[in-house]
Every structure is written in structure tokens, then in C-alpha cells.
Number of protein chains: 2
Amino acid sequence: MRTYLECYPCFLRQALEASRIAGLDPDQAHQVMRQVLELLKGLDPSQTPPLLGDEIHRLVRRLSSNPDPYRQIKQASTAQALGLYPRLKALLDEAEEPLDTALRLSIAGNIIDLAIGREYDLWETVQLVLQQPFAIDDSAELREALERVDQVLYLADNAGETVFDRLLIEELDVEVLYAVKGGPTLNDATREDALQAGLDQVAPIVSTGSDAPGTILKRCSEAFRQRFDRAELVIAKGQANYETLSEQGPRLFFLLQTKCPVIAQDVGVPLGSIVLKQG
Amino acid sequence: MRTYLECYPCFLRQALEASRIAGLDPDQAHQVMRQVLELLKGLDPSQTPPLLGDEIHRLVRRLSSNPDPYRQIKQASTAQALGLYPRLKALLDEAEEPLDTALRLSIAGNIIDLAIGREYDLWETVQLVLQQPFAIDDSAELREALERVDQVLYLADNAGETVFDRLLIEELDVEVLYAVKGGPTLNDATREDALQAGLDQVAPIVSTGSDAPGTILKRCSEAFRQRFDRAELVIAKGQANYETLSEQGPRLFFLLQTKCPVIAQDVGVPLGSIVLKQG
């Protein structure tokens, strides 16, 4: 997905939020804003938005001398989601269509996303998403693909959401590789975050080799790119993975909530939709 | 009021909205955004936000070759408010405290503000504001001042809101000069808009001599500045007049709704408050 003019104000908003979370003083925050203005001036609109997001978070990490400003937030998100795990597991045990419910839960977990908004009630979202009709529902195609392949490459999104991914992986009858970021960016899940959520109990955890938001293939490791190229089926969670991989073809299935109006428009659904879309 | 870092994304959002309303093509809108990025880089944070707002809307008017892109919106807002006029007048006729009700109505009219958000239901807002407690209520001081002076300088805000101003002016037992913008900017009321709302039936209409949002004194005419300096009592409507005149002392009374989180914080009240504040 390209970068739209509507993304410009949002980049500045995210830069300011990240500066505050990293504890930058007003002069440093001003410095971040000025540098983001410069980056925006030179922006190539054909590039995907997370490429600039990466620059912004890198800048904030450098100026704050804090390699992981979202660490506490991520730990709290994971702990909150783990607190729901028994109730979510019970929901699945009672479900008539466990895979459908698990897919919905995995999308419900996508509400955990600090890049967009900080107000959410996780359990309320779960209830809502279990009832909400899909705006795009390619789950039949996904089921069919799951029958066909030996392995799924599962691209994680945020810490906390990982717990919901774990529930889905527990319902899948196929080997899953769970791919997390190679280093901290925003509240994206790293190996450490995935371990806190217990993902190692259900899947080997692999690294994209990149600490950029989404999956920017040219910033991933050679090892991950080979894995990605070989994958017969990729489940990609969240908006940033959609933004960075939307052109990668039908091997990919995107599971997300459209929390950003620009992404919603690009996907072709209303804001606030739940989406299971084949690439 | 100074410009905060939180204003930066909002300026870009406003620039994009103005570009769309003025019908700029994508290349022109991109040009506007790039120029606003340049203006933001050089911004002196001690200046008031409407100074940059002025530059943005000037730029959009120039690029679109449209001296009044908000004309239709303003006319529709005024027509909508005029449609409510008989019901609002009836409310005042039945009011136990007509001046209090008229002050509240004038603040209710301040919801008409395209710089912030486009979704509003005017009548619902009226009902709400009539019940809502003031976050700051200097109406006792205002009443006292109204007893003391011979004339009020009333600084208009947006087209449509003018109709609510008219209702307040009809309740005042003192001569009022109604000051409108010297030329179109955003949806701010000009003489033409004030005439559509029937303000000439209740007060002489004077011009600030400036087509900037708010009241940026150094951009006003010499004649208006003299009028402003001589005024014993000034009623200043809306956020932009607060932003540009908040340091002008106790002759000023600000009537506004805090629709912007930064202004709410500067005033020291929650977002969405109704405020009657002495300078």
C-alpha cells in the first residue's frame, strides 16, 4: 500500500506520541518533529507507510537512548491478554465452529495497537468481534489452503495480540512458524514478547531479522526472505503487515481490524471492519 | 496562546481538508502539504496557531484561484441556523433567565466549526449546552461589566454561529458593534455572511480589516485596532479568538466550546467544555 496525504498528519501524531512514551524532553520532541517534517518533505508517496514509521521510531529510540521505549506497555498488554486466556480458551471449547471462533479471536486481538489509539476494552472487543460480520471473508479460501499445505508462516503483529495468535495456532492442524520482529519497534512483538505470551509452547519462533514495523522485506534478513519466498501459506496479522505486503499475492491471508481510515479505504471496507482477506 | 507540538499534525490535517474543500487536484494538494511542512519547520512556537492557519488558507485560496472556498458551506450553515431561529427565539421567550439562556445559545452556536470536525447536530447541541454546567463561568463578571459600559465590541467567529450571536445581542441592553472578518478565511463570518444571518437588524457590522482566522491584531486595520483599544468590553467568540487574544486582559470575555484538546488544556478545562471566561 502506498502512502497517502492523509498519512502525513498521522506520522506527526505518532512521532509525538512515541516521543512522549520514550520520555523525551520538549526540546528533543521538537527535534523529532522537525526531523519528521524533513522526512515527509522528501517522502516518495509510492513507498509503504511503515517505511517512514520505521525512521520515526528509530529516531525516537536513538534520541531517548532507550532501545525499547514500549517495553512496559508491551509487557502490560501481554499480561492483560494472558489474564483473558482461560476465558478465551473456554469460549473455544464451547464453540460450534472452533476454527471460525479462533480466527475471530485472533482478529479481536488486533485491537491492541498503540499506533492508532490507546482506548480499548479488550473483553468488550472480543464479544463484539465474535458477533460482527466480516467485511471481507476469505475464510473458505483460507480453510482450503490450510488443508493443502504442510506449514504456515505466521507474521505476528503486536505484543498482547500474540496471546490471541496462540489460541488460533492451537486450533490449526498444521505446523506453524511464528515470525516476530528482530528487535523492538513500537509495540510490535519480539521474541521476548512472544515468549511471555507462551508462543514457544505452540510454534517455533523465528525472527524477521528486521526491527521495522510491518514486514518490509528489503529490511528483513536473507534467512527470513528465503523462508518467506518458500512459504506456501502466510497468515499476516494487523494493519502494518497489510500495508507492507498487500501486493504479495494469494499465498497471503491478512487478518486485521481496519482502525485507520486510509487503510480501510485501501482495503475497500468501512472503518472499524473485521477483515480476513486473501492477497 | 502559543503553538504546541500537538498543533503540528492538526495543521496538516486542516491543510488537507481545506485542499479538498477547495477542489485542489492531488498534485496541488501535495504541493500544499509540502509548503505547510516547510512552514512548520520554520515555525516560532511562541506565535499563536491562527497565524499559521492564515498562511495555510491563503495558500489554498491562491492555488485554487478561489477567493472563498467555504462559501457554500457558510451559506448552508447560516441557512441551517436561521431555520432554528424561531425555535431558539421561543426558548428565550420562555426562559426564566433570558440572558443566561442567550449566553448559552451563543456558545452552542460555536459548535459550527469546520476547522475541528464536520459532524454535528445543531439542535442536539443546543439542548445539551442548555443543560451543561459551565467549566468556567465568569458570567457574574460579564453581567457587571455589561451594566457599566455603553458599548460592546463583539468579535464574531463562524458563519451560522452568527445567528446565535444575533439572539444574544437581542437580549443585551447595550449598544453592540459586531466585528466580522475583512475577507473570507475558512468558514469565518464576513459582512456578507453576517447580513445573511440578519445581524444588521441588531447591530452595526464593522470589519476587522483582516482575512486571518481569529483576531490577529497586527493584521487588522488601523481603524479596527483603534476601536479594539478603545473598547471597554469585548465579547470574543470561539477558539481562534481565544487563541489570538487570550493575553489581552480583563476587558475581554471569551465564549467558546473547547473542541480542541490543546486549547482545552490551555484554558484549563476538559475537552468538550462550555466556557465563559474573563481574560
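**Close-up views of a two-chain predicted model**

**View 1. A parallel strand pair in chain B.** Strand β2 (residues 151–155) and strand β3 (residues 175–180) of chain B run parallel as partners, joined over 5 bridges. Here, two strands pair if DSSP finds at least two bridges between them, and strands (E, at least two residues) and helices (H or I, at least four) are DSSP runs numbered from the N terminus. For a landmark, look for B:Leu155, whose bridge partner in β3(B) is B:Ala179. This is a predicted model, in which local features need pLDDT of at least 70 and side-chain atom pairs count only at pLDDT 80 or more, while totals for chains, interfaces and linings use all residues. Residues are numbered from 1 along each chain as its sequence is written, and chains are lettered from A and ligands numbered from 1 in the order in which they are written.

**View 2. The open sheet of chain B.** Stepping back from that pair, you will find 7 strands in the order β1-β7-β6-β5-β2-β3-β4, with mixed pairing. The edges belong to β1 (136–137) and β4 (205–207) of chain B, each of which pairs on one side only.

**View 3. The axis between the copies.**

**View 4. The side of chain A that touches chain B.** In this view, 15 residues of chain A are in contact with 14 residues of chain B, contact being counted when C-beta atoms, placed from the backbone, lie within 7 Å. Both α1 (7–21) and α2 (26–41) of chain A supply at least two residues each to this side, and α2(A) gives the most, with 8 residues.

**View 5. Helix α2 meets its counterpart.** The axes of α2(A) and α2(B) (residues 26–41) come within 9 Å and cross at roughly 155°; axes are lines fitted to C-alpha atoms over the stretch in contact, and angles run from 0 to 180 degrees between N-to-C directions. The two helices are therefore roughly antiparallel to each other, a term for angles over 145 degrees. The residues making this contact include A:Arg34 and A:Leu37 of α2(A) and B:Arg34 and B:Leu37 of α2(B).

Conventions. Two residues are in contact if their C-beta atoms, placed from the backbone, lie within 7 Å. Angles under 35 degrees count as roughly parallel, over 145 as roughly antiparallel, 65 to 115 as roughly perpendicular and the rest as oblique.
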